[in-house]
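Me: I've got a chain to look at and I'm new to this. Can we go through it together?

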Amino acid sequence: MRPRAGRAPGAAAPARRPAGGFARARGAGSGAAGPGTEPADQLVIGRVGRPHGVRGELTVDVRTDDPDRRFAPGTELATDPAAAGPLTVEHARWHSGRLLVRFSGVDDRDAADELRGTWLVVDPSDIPPSADPDEFHDQELIGLAVVTVDGTEVGTVAEVRHHGQDLLVVRRTGGGEALVPFVAALVPEVDVPGGRLRIDPPPGLLD
């Protein structure tokens with residue numbers, strides 16, 4: 001997000017952040033995802049990890065920058081595979097930097113372990129548009145071509161990660177990946193209609 005008018009003198013500009021914080025499912029079609037792959041045509045907000053303790057709590061690999069809202073108690077979440085859900089959040093808490101969630105009806109470690117690897121998803125039509133022109137949903141960013149400010153082709157945005165800092169995972173044209181912090185200083189232009197974004201990488205970022 002670019003600096004706004006009315007900011008207090010000397011205040012630092014905030015990080016530019018995608019709106020809503022959804023990680024776009026990669027791939028095409030509407031079939032179920034295979035092992036280790038994200039479901040198609042849905043927006044991923046998390047993936048269930050290992051059980052925590054013996055009372056049904058689970059770790060969740062968060063794929064949203066708004067987990068407190070997306071995993072609020074009482075929220076019903078669709079799943080992939082669909083047979084695993086829907087799941088209703090009973091409570092959620094942070095522990096050592098990880099989100100721990102307990103779902104209604106999942107009362108012990110064995111039941112929790114059966115959910116391991118389940119994707120937690122929402123339908124794209126459920127996402128409200130952002131009123132801020134400098135905020136972007138993850139699905140708007142994934143698939144954009146990435147070029148430097150001098151026109152050099154870099155690759156394509158493959159994923160957006162939300163782990164303390166928003167990172168664009170760029171699949172390099174020549175192979176491999178690059179991680180680009182999604183801040184205005186490094187990503188000065190996002191042209192969704194044009195299908196590309198420009199980056200201004202400091203020395204070493206793309207090495």
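Reply: Start with one term: helices (H or I, at least four residues) and strands (E, at least two) are DSSP runs, numbered from the N terminus. E159, for example, is found in strand β9. This is a predicted model, where local features need pLDDT of at least 70, side-chain atom pairs count only at pLDDT 80 or more, and totals for chains, interfaces and linings use all residues. Residues are numbered from 1 along each chain as its sequence is written, and side-chain values use heavy atoms, with hydrogens and water left out.

Me: What is pLDDT? And what is the mean for the chain?

Reply: pLDDT is the predictor's confidence in each residue, from 0 to 100. The chain's mean is 78. Of its residues, 75% reach 70 or more.

Me: Which elements have the lowest and highest mean pLDDT?

Reply: Strand β1 (residues 23-24) has the lowest, at 44. β8 has the highest, at 95. Over residues 1-15 the pLDDT is below 50. Over residues 23-36 the pLDDT is also below 50. Where pLDDT is low, the predicted coordinates should not be read in detail.

Me: OK. How many helices and strands does the chain have?

Reply: There are 3 helices and 13 strands.

Me: And how much of the chain is buried?

Reply: Buried residues make up 41% of the 207 residues. Buried means under 20% relative accessible area, exposed means over 50%, and partly exposed is in between (1.4 Å probe, protein chains only).

Me: Back to E159. Buried or exposed?

Reply: E159 counts as buried, because its relative accessibility is 13%. E159 and V170 are 11 residues apart in sequence. In space they are 7.3 Å apart, C-alpha to C-alpha.

Me: Which residues have the most contacts inside the largest nonpolar core?

Reply: They are L141, L168, V187, V190, L197 and I199. That core has 20 residues. At least two residues each come from β9 (153-163), β10 (165-172), β11 (177-181) and β13 (196-199). β9 gives the most, with 3 residues.

Me: New topic: pairing. How many bridges join β8 to β13?

Reply: There are 4 bridges between β8 (residues 145-148) and β13, and these strands run parallel. Two strands pair if DSSP finds at least two bridges between them. A145 has R196 in β13 as its bridge partner.

Me: What about β12 and β13, parallel or antiparallel?

Reply: Antiparallel. β12 (residues 189-191) pairs with β13 over 3 bridges. E189 stands opposite R198 in β13. β12 and β13 form a hairpin with 4 residues between them. In the turn, G195 has a positive phi of about 75°.

Me: Now T79. Where is it?

Reply: T79 sits in strand β4 (residues 76-80).

Me: What does the side chain of T79 reach?

Reply: It reaches the backbone oxygen of P81 at 2.8 Å. It also reaches the backbone nitrogen of G85 at 3.0 Å. A polar contact is a pair of N or O atoms within 3.5 Å; within protein, one must be able to donate a hydrogen and the other to accept it, and residues adjacent in sequence count only if both atoms are side-chain atoms.

Me: And which residues is T79 in contact with?

Reply: Leave aside its neighbours within four places in sequence. T79 is then in contact with A84, G85, L87, T118, W119, L120 and V121. Contact means heavy atoms within 4.5 Å.

Me: You named P81. What joins D80 and P81?

Reply: A cis peptide bond, with omega about 10°. P81 lies in the loop between β4 and β5 (87-95). The peptide bond from G85 to P86 is cis too, with omega near 5°. P86 also lies in the loop between β4 and β5.

Me: Last one. Where is S96?

Reply: S96 is in the loop between β5 and β6 (98-103). S96 has a positive phi of about 55° although it is not a glycine. S96 is exposed, with a relative accessible area of 67%.

Notes
Core = buried A, V, L, I, M, F, W, Y, C linked by side-chain atoms within 4.5 Å.
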